[in-house]
Amino acid sequence: MILEIERLSSQVPVPERGTNLSACYDLSFYPNGDGVASVEMYAPDNSKCMGTIFKDEFTIQPGYRAMVPTGLKFIIGPMHHMKVYSRS
């Protein structure tokens, strides 16, 4: 299967494998032009809260989830899916 990736800006980094033996590709955070992004975050009890990311410095606390902008769009074919894993 070929995965099509659309970058929303020429400055958005293309996903890469960290090493030749990596099973997955690394995604990068891509902020708005000013380096700041508002993100939806969810607490362990699934309550919604908002967070702000400045440049590339941010932490997602254990048990929390966040919608982090990557500047990428993926076109995934029928009968396929994509998973995003936290850093190992």
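Student: What should I know about the model before I start?

Tutor: It is predicted, so local features need pLDDT of at least 70 and side-chain atom pairs count only at pLDDT 80 or more, while totals for chains, interfaces and linings use all residues. Residues are numbered from 1 along each chain as its sequence is written, and side-chain values use heavy atoms, with hydrogens and water left out.

Student: How many helices and strands does the chain have?

Tutor: Helices (H or I, at least four residues) and strands (E, at least two) are DSSP runs, numbered from the N terminus. Here there are zero helices and five strands.

Student: In what order do the strands of the sheet stand?

Tutor: Strands of a sheet pair through backbone hydrogen bonds, either parallel or antiparallel. Two strands count as paired if DSSP finds at least two bridges between them. In this chain, three strands make an open sheet, ordered E3-E2-E4, with antiparallel pairing. Strand E3 (48–54) and strand E4 (65–66) are at the edges with a single partner strand each, so one side of each has no neighbour in the sheet. Strand E2 (residues 36–42) pairs with E4 over two bridges; in E4, Ala 66 is the bridge partner of Met 41.

Student: Which residues form the largest nonpolar core?

Tutor: In soluble globular proteins, nonpolar side chains tend to be buried together. Buried means under 20% relative accessible area, exposed over 50%, and partly exposed in between (1.4 Å probe, protein chains only). A nonpolar core is a set of buried Ala, Val, Leu, Ile, Met, Phe, Trp, Tyr and Cys residues joined through side-chain atoms within 4.5 Å. The largest one holds five residues: Phe 29, Ala 37, Val 39, Met 41 and Ile 53. E2 gives the most to this core, with three residues.

Student: Is Thr 70 buried or exposed?

Tutor: Thr 70 counts as buried, because its relative accessibility is 19%. This residue lies in the loop between E4 and strand E5 (72–75). A polar atom of its side chain is 3.2 Å from the backbone nitrogen of Leu 72.

Student: How far apart are Tyr 30 and Thr 70?

Tutor: They are 40 residues apart in sequence and 4.7 Å apart in space, C-alpha to C-alpha. Tyr 30 sits in the loop between strand E1 (4–7) and E2. Its side chain makes a polar contact of 3.4 Å with that of Ser 9. The term denotes a pair of N or O atoms within 3.5 Å; within protein, one must be able to donate a hydrogen and the other to accept it, and residues adjacent in sequence count only if both atoms are side-chain atoms.
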